[in-house]
Amino acid sequence: MSARLIALGIVFVALLTLPYWMFGVYYVNVASQILFYAIFALGLNVLVGYGGLVSLGHAGLFGISAYATGYMLQLGYGHPTAILVALIMGLASMVIYAVLSLRSTGIGFIMITLALGEILWGLAYRWISVTGGDNGINVPSRPTLLGSSMSNATTFYYTTLLVFLISVGLMWVFVRSPFGAALRGTRDQPRRMNALGYHVWAIRFWACMFSGLLTAVSGILFVYYTQFISPQTLSLTSSAEVLLMVISGGPGTLLGPFVGAGLVVVVKNVVSAFIERWNFLLGAIFVAIVILMPEGLVPGTARLWRSLWRKRAHAVTPPAAKTEASS
Amino acid sequence: MSALTVNNLCKSFGGLHVTTNVNLNVEPGERRLIIGPNGAGKTTLFNLITGEITPDSGSIHLFGDDITKTPSRRRPHLGMARTYQIITLFPRDSIIHNVSLALLGLSPARWNPITDMKRQGNLIERGLAALERVGLADIAERPLAQTSYGERRRVEIAMALAQNPKLLLLDEPFAGLSIDERQDVQKCLMAIPRDVTMVMIEHNMDVALEFAERITLLHFGEVIVEGNRAEVVDNPRTREVYLGH
């Protein structure tokens with residue numbers, strides 16, 4: 001327990017001071033990417049980890065918020081309006097997603113979300129008058145926060161970090177709440193939950209909305225980061241990537257999505273500079289995770305840590321105290 | 001007014017009539033036993049009463065109110081609780097968490113996404129009280145994965161009792177238990193006060209006959225014998241379809 005707190009403290013301090021010790025602006029930007037992808041993965045984790053609902057269409061929701069921001073800015077609206085419209089668009093799309101896909105669970109849910117994601121991708125690609133088709137939409141500027149322009153990498157990093165910390169805080173509160181417990185209940189025993197008086201569909205619906213909110217927020221951060229949005233962002237590959245972040249980090253854990261996002265973004269942006277076949281490496285890492293830590297990196301590491309600690313405790317304590325140490 | 005009234009209830013799956021014109025009248029406080037050979041439609045009858053499956057025709061009344069069209073998730077709020085023949089619990093959580101979920105199901109707090117569940121009113125207190133009734137309060141924090149089969153059966157009952165039901169439906173609460181465990185469960189059930197009406201499906205005649213005041217015998221989805229203990233046991237048809245020889 002204390003080891004966990006110490007690890008969390010180190011990560012927190014490292015994140016807070018990151019622009020001061022990081023090698024360069026490029027890496028500060030990589031850190032920003034990790035953080036907004038982590039928010040995206042946190043959003044998907046609400047459904048995958050806590051709701052037992054695997055979505056393969058979340059990149060569509062992510063992209064629609066990004067496009068909405070870009071389109072509103074292109075029309076000449078200010079940043080606050082663009083962000084607000086993007087949030088509303090993201091949530092409205094989630095309502096449609098939820099109503100259509102919650103008619104089933106398991107494979108059915110995966111296939112419907114996948115189809116919806118593909119529809120949005122197709123729209124982004126072909127509805128040229130709005131989306132610019134293949135050319136995408138350019139976002140000329142980033143907003144200014146408290147007199148400091150976010151075009152500065154450090155300011156953008158701190159803004160993203162703030163939003164990330166708020167998102168993790170929200171997740172932490174949500175997971176411990178009665179509603180969070182109810183959602184986990186519908187994952188494990190939907191039939192029983194119904195017989196206990198819960199409205200299983202409505203619980204899943206509101207979980208979708210929470211997931212949609214985090215996804216929309218991360219989509220907006222994404223479009224301000226790249227200052228460009230194209231159909232590529234909505235592709236099935238993007239949906240699969242964020243799902244892999246959740247699964248590799250540890251679904252149903254608070255920090256798994258962050259670790260998963262870190263892994264994918266670092267391999268994609270940093271390791272790819274040294275290894276041409278970085279896709280191969282990423283695949284190999286995922287295979288290794290599935291074989292060695294099928295529950296994900298965060299719970300897997302915790303398990304290894306505990307067993308290591310227990311072994312040490314066994315080695316030093318006399319036999320009489322053994323049971324106490326292992327309990 | 002009866003606790004539970006079932007009128008001309010019918011249900012078919014394709015050509016298979018699993019429930020045929022079933023009539024049932026259970027008085028408040030009564031202990032009713034439902035018996036019948038495998039495939040007689042006993043669990044289906046429970047699923048119809050709790051609303052997990054919809055009847056083709058007929059009606060169900062709970063304390064005088066027609067609940068035939070009430071969604072199954074509303075029925076616990078009206079005072080109906082059940083246990084499952086195949087244990088249906090939350091295996092990743094502790095015993096007390098399982099019972100807390102049962103309590104939360106009837107509370108508006110189940111929609112609360114903010115407050116810590118452990119600080120949610122007197123959830124833990126009431127959960128422990130329910131566990132006390134089945135004798136599991138001392139291991140309330142134990143993860144369900146580390147409990148025995150007999151303990152899980154009692155958790156099932158504690159969850160149903162926690163909801164403070166007026167009508168309790170027990171689907172084979174003794175199935176798969178050893179003699180000692182059976183006695184534990186029997187003790188829990190005997191201690192339930194008379195303001196709870198109970199309907200039980202059970203094959204184990206030793207414990208079931210001791211429990212029941214009236215018995216209904218189902219066979220191929222039909223009620224073929226109903227009456228008090230002696231009447232049903234002595235009825236030649238009971239011997240023919242159920243007790244054998």
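Author: Begin with one residue and its neighbours. Leaving out residues up to four places away in sequence, B:A158 touches B:V99, B:A130, B:L131, B:R133, B:V134 and B:L136. Keep in mind that this is a predicted model.

Reader: Which residues touch the most other members of the largest nonpolar core?

Author: The general idea is this. In soluble globular proteins, nonpolar side chains tend to be buried together. Here the largest nonpolar core has 155 residues. A:A38, A:I39, A:A41, B:V99 and B:A158 touch the most other members. Helix α2 (residues 25–50) of chain A gives the largest share of this core, 16 residues. Both domain 1 (1–79 + 167–245) and domain 2 (88–164) of chain B give residues to this core, so the core lies between them.

Reader: B:V99 is on that list. How many residues of helix α2 of chain B are buried?

Author: Think of the helix first. An α-helix has 3.6 residues a turn, so residues three or four places apart point the same way. Now the case here. Helix α2 (residues 95–105) of chain B is mostly covered, with 11 of its 11 residues buried. Among them are B:I95, B:H97, B:N98, B:V99 and B:G105.

Reader: What covers the buried residues of α2(B)?

Author: Look for elements from either chain. The cover includes α8 of chain A. It also includes α3 (123–133) and α4 (149–162) of chain B.

Reader: Then the chain contact is next. How many residues does each chain give to it?

Author: The size of an interface is often given as the accessible area lost when the parts come together. Here we count residues instead. Chain A gives 20 residues and chain B gives 25 residues. On the chain A side, α7 (153–176), α8 (178–188) and α9 (190–195) each give two or more residues. The largest share of that side, seven residues, comes from α8(A). By class, the chain A side divides into nine nonpolar, seven polar and four charged residues.

Reader: Now chain B as a whole. Why is chain B called as compact as a globular protein of its length?

Author: Start with the inventory. Chain B has eight helices and 10 strands. Its radius of gyration is 18 Å, close to the 18 Å that the globule rule gives for 245 residues, so chain B is as compact as a globular protein of that length. Its C-alpha trace spans about 55 × 40 × 35 Å along the principal axes. Of the 245 residues in chain B, 42% are buried. Sequence separation is another thing to read. Take the chain B contacts between residues at least 6 apart in sequence: 68% join residues at least 24 apart.

Reader: How far apart do the C-alpha centres of the two domains of chain B lie?

Author: Read the bounds, then the distance, then the contact. The assignment gives domain 1 (1–79 + 167–245) and domain 2 (88–164). Their C-alpha centres lie 26 Å apart. At the contact, 12 residues of domain 1 of chain B meet 12 residues of domain 2 of chain B. Helix α5 (residues 179–190) of chain B gives the largest share of the domain 1 side, four residues. That side has seven nonpolar, three polar and two charged residues.

Reader: Last, the sheet. What is the strand order in the open sheet of four strands?

Author: The order is β2-β1-β4-β5 (chain B), with antiparallel pairing. The edge strands are β2 (16–26) and β5 (65–66) of chain B, and each pairs on one side only. Strand β4 (residues 57–62) of chain B pairs with β5(B) over two bridges, in the antiparallel sense. B:D66 in β5(B) is the bridge partner of B:H61.

Note on methods
Residues numbered from 1 in each chain as written. Chains lettered and ligands numbered in written order. Predicted model: local features only at pLDDT ≥ 70, side-chain atom pairs only at ≥ 80, totals over all residues. Contact = placed C-beta atoms within 7 Å. Nonpolar A, V, L, I, M, F, W, Y, C, P; charged D, E, K, R; others polar. Rg over C-alpha atoms; globule rule 2.2 N^0.38 Å. Buried ≥ 20, exposed ≤ 12 C-beta atoms within 10 Å, placed from the backbone. Domains from an automatic or database assignment. Core = buried A, V, L, I, M, F, W, Y, C linked by C-beta atoms within 7 Å. Pairing = 2+ DSSP bridges.
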